[in-house]
Amino acid sequence: MSQLTPLSSSSSTAVGPAAPRKPAPELRNAPADYTYDGSFEGLLTVLFRIYDRRSAPSSIQPEEAVQGGLFAQAVAVATDEALAARTWDGLLRFMPEPARARLYHVFLSEDAERELLIFRYADRAMRARRDISENYADATVRRCQRLAQQMFREKHRMEAFVRFEKAQDGLFHATIEPDFDVLPLIASHFTKRYADQRWLIFDKKRHYGLYYDLTRTEVVSFAAGEAATLRRGQLSATVLDEREPLFKILWQAYFDHVNIPERKNLKLHHRHMPRRYWKYLSEKQPRERRFEPIKNKRGPNQ
């Protein structure tokens, strides 16, 4: 089962960059195209092999998306978790923990050039033998910082906008469709917040999910039929808890009553709650009951 955070067993004890070391070796050999299995550990293994071969990357691509040249033979790199851990730990010699974590966020962003961005950032840091995270004159640093900021915003939106539905077996289920692969980043939040209930968060776009069984949170995948059902974004009414429709009505009523029509600001509302999230929000679904003002509040003259 994949880890929710990259190589956390050794990185959790690090508190900052160690003393500087010799810069990375010169990449004097002819550039090469590299392929890997698409995992973060696989990419870290590629970084190790680049310096082992002394051959800079012309491209780094997941195996399933390889687009080789007419005459180039790609270098296939098998994932080695020991080498990946060594590389991950070694990065702390040239950058602080927040900068290293930013590289993982760039990977999760699924940017088309994420592999080369991570290589260029790491290579610049190793050759400078210091933290380069504030060198905004460098285009690579700016791009990594911008992607990390976008990931940060998406992470917090997912933590705020996830809406669970309760199934008959007691499982709380939610479907999301984020722009970036944020499931590994929100796992800790939901594990702590909903530690007393079983839940599943399914990423409709990436076809995998997080499942918490009251003991631990794991990455899970589904058979074709199950995934097709989950991708539709809704559980069948036959598997929902009989009280779930009431919970939905109460949730909608709450938002209706806290709304202040005189202070409506649609532009601000859309900025903080973009429309692309609305299809998974209970308060944005068609009302099954007409809104009525609260009747148990006394007026000023009563």
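**Close-up views**

**View 1. Thr 140 counts as buried, at 7% relative accessibility.** Here buried means under 20% relative accessible area, exposed means over 50% and partly exposed lies in between, with a 1.4 Å probe and protein chains only. The model is a predicted one, in which local features need pLDDT of at least 70 and side-chain atom pairs count only at pLDDT 80 or more, while totals for chains, interfaces and linings use all residues. Residues are numbered from 1 along each chain as its sequence is written, and side-chain values use heavy atoms, with hydrogens and water left out. Thr 140 is found in helix H6 (helices are DSSP runs of H or I with at least four residues, strands are DSSP runs of E with at least two, and both are numbered from the N terminus). Leaving aside residues up to four places away in sequence, Thr 140 touches Leu 117, Arg 120, Tyr 121 and Arg 124, where contact means heavy atoms within 4.5 Å.

**View 2. Ser 133 sits in the loop between H5 and H6.** With a relative accessible area of 10%, Ser 133 is buried. Its side chain is joined to that of Asp 131 by a polar contact of 2.9 Å (a pair of N or O atoms within 3.5 Å; within protein, one must be able to donate a hydrogen and the other to accept it, and residues adjacent in sequence count only if both atoms are side-chain atoms). When residues up to four places away in sequence are not counted, Ser 133 touches Ala 99, Arg 102, Tyr 121 and Val 141.

**View 3. Three strands form an open sheet with parallel pairing, in the order E2-E1-E3.** Strand E2 (55–62) and strand E3 (75–76) are the edge strands, each pairing on one side only; two strands pair if DSSP finds at least two bridges between them. Helix H2 (residues 40–53) packs on this sheet and touches E1, E2 and E3, and its direction makes about 160° with that of E1 (axes are lines fitted to C-alpha atoms, for helices over the stretch in contact, and angles run from 0 to 180 degrees between N-to-C directions). Six bridges join E1 to E2, and Tyr 34 has Ile 60 in E2 as its bridge partner. On the side of E3, two bridges join that strand to E1 (residues 29–36), and Thr 35 stands opposite Ala 76. Together, E1, H2 and E2 make a right-handed β-α-β unit; a crossover is right-handed if, with the strands pointing away from the viewer, the path from the first strand over the helix to the second runs clockwise.

**View 4. Helix H7 (residues 183–193) has the buried residues Leu 183, Pro 184, Leu 185, Ile 186, Ala 187 and Phe 190.** The elements that cover these buried residues include helix H4 (97–108) and helix H6 (139–161), as well as strand E5 (172–176), strand E6 (199–203) and strand E7 (208–212).

**View 5. Glu 26 forms a salt bridge with Arg 127, and their closest N and O atoms are 3.8 Å apart.** Because Glu 26 lies in the loop between helix H1 (8–11) and E1, whereas Arg 127 lies in helix H5 (residues 114–128), the pair ties together parts that are 101 residues apart in sequence. Glu 26 is partly exposed, at 47% relative accessibility, and Arg 127 is also partly exposed, with a relative accessible area of 29%. A network of salt bridges links Glu 26, Asp 123 and Arg 127. The count comes to 11 salt bridges by the rule that a side-chain nitrogen of Lys or Arg must be within 4 Å of a carboxyl oxygen of Asp or Glu.

**View 6. Glu 159 and Lys 155 form a salt bridge in which the closest N and O atoms are 2.8 Å apart.** The two residues are four residues apart in helix H6, so Glu 159 and Lys 155 are separated by about one helical turn. Both Glu 159 and Lys 155 are buried.

**View 7. Arg 216 forms a salt bridge with Glu 218, with 3.4 Å between the closest N and O atoms.** Glu 218 counts as partly exposed, at 22% relative accessibility.

**View 8. Phe 222 is found in the loop between strand E8 (217–220) and helix H8 (224–231).** At 25% relative accessibility, Phe 222 counts as partly exposed. Phe 222 and His 207 are 15 residues apart in sequence, and from C-alpha to C-alpha they are 7.8 Å apart in space.
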